[in-house]
Amino acid sequence: MNKFTPELLNIDATWFNKLQLEFEKPYFENLWEEVNKAYNTTPCFPPKTMIFDAFNQCNWQDVKVVIIGQDPYHGMGEAHGLSFSVPDGTKIPPSLRNIFRELNEDINCELPIFGSLERWAIQGVLLLNAGLTVEKDKANSHKHLQWNVFTDAVISLINQEKEHVVFMLWGNFAQKKGLKIDREKHLVLLSGHPSPMSANQGKWFGNKHFSQANTYLKKHKKGVINW
């Protein structure tokens with residue numbers, strides 16, 4: 001009998017049902033024990049109740065776009081379970097500022113003044129980090145945990161069971177994470193990372209991923225995203 005429930009993990013029931021076999025695997029039980037140990041001994045982000053908020057804000061049926069990040073922001077009050085996103089009222093991080101600038105140049109929308117991407121998530125954008133937790137002030141500090149196994153399973157599930165999903169793979173890390181995505185079934189968009197280092201080397205701006213995504217979604221009779 002599975003010891004995990006949607007309530008225990010605080011994860012949307014549609015996702016829990018799809019991933020139930022994953023939650024029954026020994027690695028996930030070990031992973032969750034390590035996560036609990038980390039949260040009990042040192043400040044970690046996002047808040048424990050928000051670890052699976054990417055799934056809670058964008059349920060299984062609604063997924064149209066997947067944006068893959070590496071791990072949560074590690075500063076106080078920044079991470080809330082969605083890749084690249086910060087709660088409204090929090091200072092907008094440099095990578096997100098560059099995302100908004102590209103958005104403005106691509107589809108001529110106003111530059112957002114707040115950093116929460118929940119408005120994307122509820123329209124069907126899965127803002128998935130490869131690792132779902134991090135220690136305060138230590139980027140990629142939970143890399144040794146097996147979150148990558150879990151999030152690989154999530155990507156594989158979407159790849160296999162859905163059609164015409166847009167995957168935005170920004171930077172080498174995300175591109176490696178998405179190597180097995182079926183390019184015949186889905187649209188895979190590649191570019192450099194929106195971080196200042198990559199963007200300033202000309203690898204980010206001008207990728208036009210947002211307009212390309214909507215063109216593809218419209219072609220396949222899916223609702224476009226109001227970015």
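## Aromatic pairs and pockets in a predicted model

Tyrosine 27 is buried, at a relative accessible area of 11% (buried means under 20%, exposed over 50% and partly exposed in between, with a 1.4 Å probe and protein chains only). This is a predicted model, where local features need pLDDT of at least 70 and side-chain atom pairs count only at pLDDT 80 or more, while totals for chains, interfaces and linings use all residues. Residues are numbered from 1 along each chain as its sequence is written, and side-chain values use heavy atoms, with hydrogens and water left out.

**Aromatic pairs**

- Rings of Phe, Tyr and Trp (its six-membered ring) pair if their centres lie within 6.5 Å; planes under 30 degrees apart are stacked, over 60 edge-to-face and the rest tilted.
- This rule gives 21 aromatic pairs.
- One of them joins tyrosine 27 and phenylalanine 28, which count as edge-to-face because their ring centres are 6.3 Å apart and their planes stand at 85°.
- Phenylalanine 28 is buried too, at 0% relative accessibility.
- Tryptophan 120 and tryptophan 227 also pair edge-to-face, with 4.8 Å from centre to centre and 90° between the planes.
- Tryptophan 120 sits in helix α7 (residues 118-121) and tryptophan 227 in the segment after α11 (209-219), so this pair ties together parts 107 residues apart in sequence. Helices here are DSSP runs (H or I, at least four residues), strands likewise (E, at least two), and both are numbered from the N terminus.
- Both partners are buried: tryptophan 120 has 1% relative accessibility, and tryptophan 227 has a relative accessible area of 7%.
- One aromatic cluster includes Tyr27 and Phe28, with Trp15, Trp32, Trp60 and Trp147 also among its members.

**Charges over rings**

- A charge sits over a ring if NZ of Lys or CZ of Arg is within 6 Å of the ring centre and within 35 degrees of the ring normal.
- Lysine 162 lies over the face of tryptophan 60, 4.5 Å from the ring centre.
- Arginine 101 takes up such a place over phenylalanine 205, at 3.9 Å from the ring centre.

**Pockets**

- On a 1 Å grid over the protein atoms alone, a pocket is an open set of points where a 1.4 Å probe fits, with protein on both sides within 12 Å along at least five of seven lines; lining residues have an atom within 4 Å of a point.
- The largest pocket holds about 590 Å³ of space, where volume is the space filled by probe spheres set on the points, joined across faces, edges and corners.
- Its lining has 28 residues, and Gln70, Phe84, Ser95, His193 and Ser195 lie nearest the centre.
- Elements giving two or more residues to that lining are β2 (65-69) and α9 (171-177); α9 gives the most, with four.
- By class, the lining of the largest pocket has 10 nonpolar, 15 polar and three charged residues (Ala, Val, Leu, Ile, Met, Phe, Trp, Tyr, Cys and Pro are nonpolar, Asp, Glu, Lys and Arg charged, and the others, Gly among them, polar).
- The second largest pocket holds about 230 Å³, and 14 residues line it, with Ala130, Asn140, Lys143, Asn148 and Phe173 nearest its centre.
- In the second largest pocket, α8 gives the largest share of the lining, three residues.

**Glycine 131**

- Glycine 131 lies in the loop between β3 (125-129) and β4 (134-135) and is buried, with a relative accessible area of 13%.
- Beyond neighbours within four places in sequence, glycine 131 is in contact (heavy atoms within 4.5 Å) with Gln70, Asp71, Pro72 and Trp147.
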